[in-house]
Amino acid sequence: TAIRAGVDSVEHGTLVDDEGVRMLKEKGVFLVPTGAIWLMEDEEEPEKEDAPAWRKEREAGFRRGSEEGFRKAVNAGVRIAMGSDQSVLPHGQSAKEIVWMATHGMTPLEAIRAATVNAAELLGWSDRVGSIAPGKFADIIAVRGNPLTDVTTLERVAWVMKGGLVTKE
C-alpha cells in the first residue's frame with residue numbers, strides 16, 4: 001500500500017513478500033531494513049527468556065522475515081539505504097546496521113554504500129554528504145583495518161572529522 005501511494009522508502013520491510021520486493025524494484029523505492037534491531041534483541045535483558053511461547057514465536061517470525069525479505073530485496077537489486085531505528089539501536093552504534101547488512105546478503109562495500117551514497121540519495125542530500133568530494137561537508141571516519149575484509153572494524157572508529165573539523169583523534 002505504501003509503495004502504491006508513492007513513498008520514497010519503506011522502513012523495516014520485516015515481512016516483505018515477493019510482490020513487495022518486485023514493487024520496490026519496479027518503482028525504485030528504497031528499502032531501509034533496520035535489521036540490527038535483531039542484534040540488540042540478542043543482548044537484551046534475561047527476563048525475555050521467561051516470555052510466553054507465543055511471544056518468542058512471533059519475534060522469531062519477525063526476525064526470520066526481516067532476514068529473508070532483506071536477502072530477497074538484495075538479490076532482486078532493490079535500492080537499499082541504511083537507517084538505524086534510532087529508538088531501538090542506541091546512538092553511536094549505527095555501524096551495527098552496516099555489519100548486519102553485510103552478514104545478511106550484501107557485500108561489505110554494498111553495505112557501506114547503503115550507509116553513505118545511498119542514504120544521502122534517499123535524503124536528497126547527495127550534493128552535501130555521502131561521498132568525499134570538494135564542497136561537501138567532509139564528514140569522514142577512519143578505522144584501523146580494512147572494512148572490506150572485516151566490516152566489524154566500522155564498529156571501532158579511531159578518528160572522526162565532522163564538517164571538516166577533526167572531532168576525535
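Start with helix 5 (residues 95-103). Eight of its nine residues are buried, so helix 5 is largely enclosed by the rest of the structure. Buried means under 20% relative accessible area, exposed means over 50%, and partly exposed lies in between (1.4 Å probe, protein chains only). Helices (H or I, at least four residues) and strands (E, at least two) are DSSP runs, numbered from the N terminus.

Before moving on, note that this is a predicted model: local features need pLDDT of at least 70, side-chain atom pairs count only at pLDDT 80 or more, and totals for chains, interfaces and linings use all residues. Residues are numbered from 1 along each chain as its sequence is written, and side-chain values use heavy atoms, with hydrogens and water left out.

**Stop 1: inside helix 5**

Select Ala95, Lys96, Glu97, Ile98, Val99, Trp100, Met101 and Ala102. These are the buried residues of helix 5. Now step just past the helix end. Gly105 takes a positive phi of about 130° there.

**Stop 2: the nonpolar core**

In soluble globular proteins, nonpolar side chains tend to be buried together. Here, the largest nonpolar core has 29 residues. Such a core is a set of buried Ala, Val, Leu, Ile, Met, Phe, Trp, Tyr and Cys residues joined through side-chain atoms within 4.5 Å. Select Leu24, Leu31, Phe70, Val78, Ile80, Met101 and Met106: they have the most contacts inside this core. Colour the contributing elements next. Helix 2 (18-27), helix 4, helix 5 and helix 6 each give two or more residues to the core. Which element gives the most? Helix 5 does, with six residues.

**Stop 3: helix 4**

Move to helix 4 (residues 53-76). Helix 4 has 24 residues and reaches 34 Å from its first C-alpha to its last. That is close to the 34 Å expected at 1.5 Å a residue; the expected span is 1.5 Å times one less than the number of residues. Select its buried residues: Glu59, Gly61, Gly65, Ser66, Glu67, Gly69, Phe70, Ala73 and Val74. An α-helix has 3.6 residues a turn, so residues three or four places apart point the same way. Just after helix 4, find Gly77, with a positive phi of about 85°.

**Stop 4: two aromatic pairs**

How many aromatic pairs does a search of the whole structure find? Two. Rings of Phe, Tyr and Trp (its six-membered ring) pair if their centres lie within 6.5 Å; planes under 30 degrees apart count as stacked, over 60 as edge-to-face, and the rest as tilted.

Select Phe70 and Trp100. Their pair is tilted, at 4.9 Å centre to centre and 50° between the planes. It links distant parts of the chain: Phe70 is in helix 4 and Trp100 in helix 5, 30 residues apart. Phe70 is buried, with a relative accessible area of 1%. Trp100 is buried too, also with a value of 1%.

Now select Trp125 and Phe137. This pair is edge-to-face: 6.0 Å centre to centre, 85° between the planes. Both residues lie in the loop between helix 6 (108-123) and strand 3, so the pair ties together parts that are twelve residues apart in sequence. Trp125 is partly exposed, at 35% relative accessibility. Phe137 is partly exposed as well, at 37%.

**Stop 5: two residues with positive phi**

Stay in the loop between helix 6 and strand 3, and select Ala138. Ala138 has a positive phi of about 60° although it is not a glycine. At 27% relative accessibility, Ala138 is partly exposed.

Jump to Thr34, in the loop between strand 2 (30-32) and helix 3 (37-43). Thr34 is not a glycine either, yet its phi is positive, about 50°. Buried or partly exposed? Thr34 is buried, with a relative accessible area of 3%.

Two strands pair if DSSP finds at least two bridges between them.

Zoom in on strand 4 (residues 157-162), which three bridges join to strand 5. Val160 has Lys168 as its bridge partner, and Met161 has Val166. Finish at the hairpin of strand 4 and strand 5, with two residues between the strands. Gly163 takes a positive phi near 60° in this hairpin.
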